[in-house]
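Grab a pencil and work through the exercises below. Each one comes with a solution you can check step by step.

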Amino acid sequence: MGNTVIVVIVCVDKRLQSPMYFFLGHLSALEILVTTIIVPGMLLGLLLPGTQTVSLSACVVQLFPYLYMGTLLGAMAVDCYIAVCNPLRCNIIMNRHTCNFVVLVSWVFGFLFQIWPVYVTLQLTYYKSNVVKNFFCDRGQLFKLSCNNTLFTEFILFLMAVFVLFASLIPTIVSYFYIISTILKIPLASGRRKSFSTCASHFTCVVIGYSSCLFLYLKPKQMQAADYNRVVSLMVSVVTPFLNHFIFTLRNDKVIEALRDGVKCCCQLFRN
């Protein structure tokens with residue numbers, strides 16, 4: 001619900017027509033996709049234990065959306081760097097064409113990068129059991145149920161996860177290194193506080209998102225620590241999307257004003 005509200009106000013409110021909110025809208029749309037795919041089945045399993053089933057098509061869909069987030073968070077980090085370190089050229093560098101290109105690359109690259117892992121996972125032979133010890137189709141659990149030797153496949157997937165995560169994490173780290181260096185050079189405490197508040201929400205989201213993804217994917221053997229995987233998967237698919245809209249809105253005056261004006265408009269419509 002919260003992510004849906006963010007997508008709507010970013011599209012409607014003119015005060016939020018900036019690169020940061022543009023990327024935030026797509027990040028919220030991705031989180032809506034993840035929660036829509038996974039949460040209903042999880043709730044069904046909690047309310048009616050033993051009745052939760054996942055079709056093959058649903059399992060394929062659940063294997064897809066997890067590595068899209070890194071590119072968007074990396075783009076938001078670069079935008080923070082430009083806003084703090086080079087504010088006069090921010091609108092020139094991060095123009096509409098650049099933002100559209102970055103988002104298009106994020107979605108297309110994330111989709112194409114998952115085709116081979118999903119294909120390989122579906123080509124495995126399963127006859128041990130059809131019970132996945134997780135609330136969704138976790139690839140590690142599927143490998144565990146398979147009767148094939150998956151060591152080579154797991155190693156290739158490990159290398160792919162390293163490439164995807166660090167390709168977006170390195171620009172994020174470099175951006176924040178320059179952001180912190182620039183903020184520390186600001187003489188006034190109020191100026192430092194204002195500059196840091198520009199990126200505080202994104203930094204919190206980066207810490208939560210990347211720490212979970214690094215633990216979940218950067219393991220040479222995907223079958224390791226299945227119980228911990230369930231906890232981290234819950235963080236990535238449920239807790240993080242739930243927290244992100246609070247992280248990005250509660251400390252953001254523009255978003256709060258947009259929400260307040262939206263509520264007023266809705267109240268006026270209902271009165272009329």
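**Exercise 1.** Work out how much accessible surface the chain has, and what share of that surface belongs to carbon and sulfur atoms.

*Solution.* Start with the total: in this predicted model, the chain's accessible surface is about 15100 Å². Carbon and sulfur atoms take 70% of that. Now look inside: 42% of the chain's 272 residues count as buried.

**Exercise 2.** Describe the secondary structure and say how many helices and strands the chain has.

*Solution.* Count the elements: you get 11 helices and 0 strands. Reading along the sequence then gives α-α-α-α-α-α-α-α-α-α-α. Next, check the contacts with a separation of 6 or more: 73% of them involve residues 24 or more positions apart.

**Exercise 3.** Find out which parts of the chain the pair Tyr81 and Tyr178 ties together.

*Solution.* First, search the whole structure for aromatic pairs; there are 3. One of them joins Tyr81 and Tyr178, with 5.9 Å centre to centre and 55° between the planes, so it falls in the tilted class. Then place the partners: Tyr81 sits in helix H4 (residues 69-85) and Tyr178 in helix H8 (residues 151-184), so the pair links parts 97 residues apart in sequence. Tyr178 also pairs edge-to-face with Phe177, at 5.6 Å centre to centre and 80° between the planes. Put together, Tyr81, Phe177 and Tyr178 make one aromatic cluster.

Technical notes. Residues are numbered from 1 along each chain as its sequence is written. This is a predicted model: local features need pLDDT of at least 70, side-chain atom pairs count only at pLDDT 80 or more; totals for chains, interfaces and linings use all residues. Side-chain values use heavy atoms; hydrogens and water are left out. Helices (H or I, at least four residues) and strands (E, at least two) are DSSP runs, numbered from the N terminus. Buried means under 20% relative accessible area, exposed over 50%, partly exposed in between (1.4 Å probe, protein chains only). Contact means heavy atoms within 4.5 Å. Accessible areas come from the Shrake-Rupley method with a 1.4 Å probe; for residues, only the protein chains shown count as cover. Rings of Phe, Tyr and Trp (its six-membered ring) pair if their centres lie within 6.5 Å; planes under 30 degrees apart count as stacked, over 60 as edge-to-face and the rest as tilted.
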